[in-house]
Amino acid sequence: MRRRRKTDHPISHDRWLISYADFITLLFALFVVMFAASQTDKSKMAAIQESYIRAVQRGAVMEGRSVVARILGGTVDEKGIGNAMLRGPGGTKKVPVPTTPPIPVELLPPMNALTAKLSKEIAEGKLKVSLGARGLVISFRQTALFKSGDDAVQAEAVQVFKPIAEILQPLPNHIVVEGHTDSVPIHNSRFRSNWELSAARSIAVMDMLITKFGIDRTRVAILGYGENQANGDNESEEGRAKNRRVDLVIQNLGIEASDLTAAVQSSGRK
């Protein structure tokens, strides 16, 4: 049996306390850091965030281009914030915001002249003269020009166009004759649909302006909308009467001949 020497130290079973103390110390330090982070000065944090955002937006200048622009794409000349991703490779172009066209002031004198010359017809409710963004509109009720279901301009209506033609002849503006009907279906030996009736009435008015009153044919186009551009309620007789009309549109000078052709072609595809 081995006899213990007097110089041997007794075995300690409490060494785990050292590791435990280290763990408690680190845990305490963690909670101190968390407490300190929760007490951050909000004003200073906001200032840091604002400074960071400005730095990112401007980008660090490197060889004449920002680092942000170099990463996102774009061109050297692009200076707007966020334009690099939109206009760089694979980006999209900005869509222009549509603006309401101004009322054409050059058509104000013709409107005043037409209102004076057609005051009787306006008072009787046969037509209406108005000025809008697309131009000067002379709207004829169907009863003022045609018999029901017919496309022949009545003789007494031809005289109404004489003062109109006198005012239109010196103007350079393009003219569109628009035919409209109500929603009541038509189907006879001459017209298979309201579209055909509205187009035939537009052609009749256009032909009269060209052959009888000498309007330049290159300035005139026709559109047949049928019942698809209603002004009134098709459920009532009064509303249907408003929808049966022919609109003579003297377009403003901002609408080019190419736009007029495109409108006619678009109508033909409907």
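This report describes the fold, the nonpolar cores and several individual residues of a predicted model.

## Overall makeup

The chain has 270 residues, and 32% of them count as buried. Its secondary structure comprises 12 helices and 7 strands. The accessible surface amounts to about 18,600 Å², and carbon and sulfur atoms account for 58% of that area. Among contacts between residues at least 6 apart in sequence, 66% join residues at least 24 apart.

## Nonpolar cores

The largest nonpolar core contains 33 residues. Within this core, the residues with the most contacts are Phe140, Phe161, Ile164, Val205 and Leu248. Both helices and strands contribute: helix 5 (108-117), helix 8 (155-158), helix 9 (161-168) and helix 10 (194-211) each supply at least two residues, as do strand 3 (127-132), strand 4 (135-141), strand 5 (175-180) and strand 7. Another core, of 5 residues, lies apart from this one, and its members include Val176, Leu223, Tyr225 and Val249.

Val205 illustrates how the core residues meet. Setting aside neighbours within four places in sequence, Val205 is in contact with Leu145, Phe146, Val153, Phe161, Val177, Val246 and Leu248. Phe161 and Leu248 from this set are also among the residues with the most contacts inside the largest core.

Helix 9 is largely enclosed by the rest of the structure, because 6 of its 8 residues are buried. The buried residues are Phe161, Pro163, Ile164, Ala165, Ile167 and Leu168.

The structure holds 1 aromatic pair. Its members are Phe140 and Phe161, whose ring centres are 4.8 Å apart and whose planes meet at 20°; the pair is therefore stacked, as the angle is under 30 degrees. Since Phe140 belongs to strand 4 and Phe161 to helix 9, the pair ties together parts that are 21 residues apart in sequence. Phe140 and Phe161 are both buried.

## The hairpin of strands 3 and 4

Strand 4, which carries Phe140, pairs with strand 3 in the antiparallel sense over 6 bridges. The two strands form a hairpin, with 2 residues between them. One of the bridges joins Gly132 to Gly135, the latter in strand 4.

## Arg244 and Arg245

Arg244 sits in the loop between helix 11 (237-243) and strand 7 (245-251), while Arg245 lies in strand 7. Arg244 counts as buried because its relative accessible area, 18%, is under 20%. Arg245 is also buried, with a relative accessible area of 5%.

For Arg244 the partner is the side chain of Glu237, at 3.2 Å. For Arg245 the partner is the side chain of Asp247, at 3.3 Å.

Leaving aside neighbours within four places in sequence, Arg244 is in contact with Phe140, Arg141, Gln142, His180, Thr181, Asp182 and Glu237.

Ile122 is placed in helix 6 (residues 119-123). Its relative accessible area is 30%, so Ile122 is partly exposed. Apart from neighbours within four places in sequence, Ile122 is in contact with Thr115, Leu127 and Val129. Leu127 and Val129 fall within the range of strand 3 (127-132).

Thr143 is placed in helix 7 (residues 142-145). With a relative accessible area of 59%, Thr143 is exposed.

| Pair | Residues apart along the chain | C-alpha separation |
|---|---|---|
| Arg245 and Ala230 | 15 residues | 9.7 Å |
| Ile122 and Phe140 | 18 residues | 9.6 Å |
| Thr143 and Gln154 | 11 residues | 9.4 Å |

Technical notes. Residues numbered from 1 in each chain as written. Predicted model: local features only at pLDDT ≥ 70, side-chain atom pairs only at ≥ 80, totals over all residues. Heavy atoms only, no water. Helix = DSSP H or I, 4+ residues; strand = E, 2+ residues; numbered from the N terminus. Buried < 20%, exposed > 50% of the residue type's maximum accessible area, 1.4 Å probe, protein only. Polar contact = N/O pair within 3.5 Å; in protein donor to acceptor, adjacent residues only side chain to side chain. Contact = heavy atoms within 4.5 Å. Areas by Shrake-Rupley, 256 points an atom, 1.4 Å probe, with all protein chains shown as cover. Core = buried A, V, L, I, M, F, W, Y, C linked by side-chain atoms within 4.5 Å. Phe/Tyr/Trp six-rings, centres within 6.5 Å; stacked < 30°, edge-to-face > 60°. Pairing = 2+ DSSP bridges.
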